[in-house]
Amino acid sequence: MDQVVVYTMPKKIYEHSYKKILIDITNIINENKNLVLDMKNTIFISSSGIRVLIMALKTLRAKDKNLKIINTNQYIDQILEVTGLISWVTLNQEKDIEKIK
C-alpha cells in the first residue's frame, strides 16, 4: 500500500510563502509518497502558488503517484477550474483524513 502524506497548506499561498511550501512538498515527493494537500485554512492563492501545484502534480505523475486536494473553499475551487488544474487533481471535501488515505 502506498504511503500518503497530508500537508496542510497555509492561509495565503503567494510570493512570500511559496518557497517554504515548495521545499516541504519537494521533500515529500522525494520520499516517493502520495500527497494530499489540505486547504482548510487557505483563503488565497497567487500565481506562485499555482506554480507549486503544477510542479507537484507533474513530479508526482512522473513517479506514478497521486495528488489529492481536500477541504477547498469556493475561491480555491474557482482557481482550480480557471487554471484547468481541476481536471488533473482529485478533489475531496472529506473531513476525515483517514478516509481519504
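**Questions on a predicted model**

Reader: Which residue does the side chain of R51 join in a polar contact of 3.1 Å?
Author: This is a predicted model. R51 is found in helix 2. The side-chain partner of R51 in that polar contact is S48.

Reader: Is R51 buried, partly exposed or exposed?
Author: Buried means under 20% relative accessible area and exposed means over 50%, with partly exposed in between. R51 has a relative accessible area of 48%, so R51 is partly exposed.

Reader: How far apart in space are R51 and K12?
Author: In sequence, R51 and K12 are 39 residues apart. From C-alpha to C-alpha, the separation in space is 14 Å.

Reader: Which residues touch the most other members of the largest nonpolar core?
Author: That core has 24 residues. Two or more residues come from each of strand 1, helix 1, strand 3, helix 2, strand 5 and helix 3. Helix 2 gives the most, with 6 residues. The members that touch the most others are Y7, I25, L35 and L37.

Reader: Which residues does L37 touch, not counting those up to four places away in sequence?
Author: L37 is among the core residues that touch the most other members. With residues up to four places away in sequence left out, L37 touches Y7, M9, I25, L53, L67, K68, I69 and I70.

Reader: What span is expected for helix 1 at 1.5 Å a residue?
Author: Helix 1 has 13 residues. The expected span is 1.5 Å times one less than the number of residues. From its first C-alpha to its last, helix 1 reaches 18 Å, close to the expected value of 18 Å.

Reader: Within what arc do the buried residues of helix 1 fall, seen down its axis?
Author: The buried residues in helix 1 are I21, D24, I25, I28 and I29. They line one face of the helix, because seen down the axis they fall within an arc of 135 degrees.

Reader: Which exposed residues does helix 1 carry on the face turned away from its buried side?
Author: The buried residues of helix 1 pack against strand 1, strand 2, strand 3 and helix 2. On the face turned away from the buried side, the exposed residues are K19, K20, I23 and N30.

Reader: Are the rings of F44 and Y75 stacked or edge-to-face?
Author: A search of the whole structure finds 1 aromatic pair. The ring centres of F44 and Y75 are 6.3 Å apart. Planes under 30 degrees apart count as stacked. The planes of F44 and Y75 are at 15 degrees, so the pair is stacked.

Reader: How many residues apart are F44 and Y75?
Author: F44 is in strand 4 and Y75 is in helix 3, so the pair links distant parts of the chain. Both residues are partly exposed, F44 at 33% and Y75 at 28%.

Reader: Which residue caps the N-terminal end of helix 3?
Author: A side-chain oxygen of the capping residue lies 3.0 Å from the backbone nitrogen of Y75. That residue is N73.

Reader: Which residue joins the side chain of T72 in a polar contact of 2.5 Å?
Author: T72 is in the loop between strand 5 and helix 3. T72 is buried, with a relative accessible area of 9%. The partner of its side chain is D77.

Reader: Is N71 buried or exposed?
Author: N71 lies in the loop between strand 5 and helix 3. Its phi is positive, near 55 degrees, although N71 is a residue other than glycine. The relative accessibility is 8% and the cut-off for buried is under 20%, so N71 counts as buried.

Reader: Is D64 buried or exposed?
Author: D64 lies in the loop between helix 2 and strand 5. D64 is not a glycine, but has a positive phi of about 60 degrees. At 67% relative accessibility, D64 counts as exposed.

Reader: What separates the C-alpha atoms of I86 and I69?
Author: I86 is in the loop between helix 3 and strand 6. Leaving aside neighbours within four places in sequence, I86 is in contact with D77, L80, E81 and L91. I86 and I69 are 17 residues apart along the chain, and their C-alpha atoms are separated by 9.6 Å.

Methods
Residues numbered from 1 in each chain as written. Predicted model: local features only at pLDDT ≥ 70, side-chain atom pairs only at ≥ 80, totals over all residues. Heavy atoms only, no water. Helix = DSSP H or I, 4+ residues; strand = E, 2+ residues; numbered from the N terminus. Buried < 20%, exposed > 50% of the residue type's maximum accessible area, 1.4 Å probe, protein only. Polar contact = N/O pair within 3.5 Å; in protein donor to acceptor, adjacent residues only side chain to side chain. Core = buried A, V, L, I, M, F, W, Y, C linked by side-chain atoms within 4.5 Å. Contact = heavy atoms within 4.5 Å. Arc of directions from axis to C-beta. Phe/Tyr/Trp six-rings, centres within 6.5 Å; stacked < 30°, edge-to-face > 60°.
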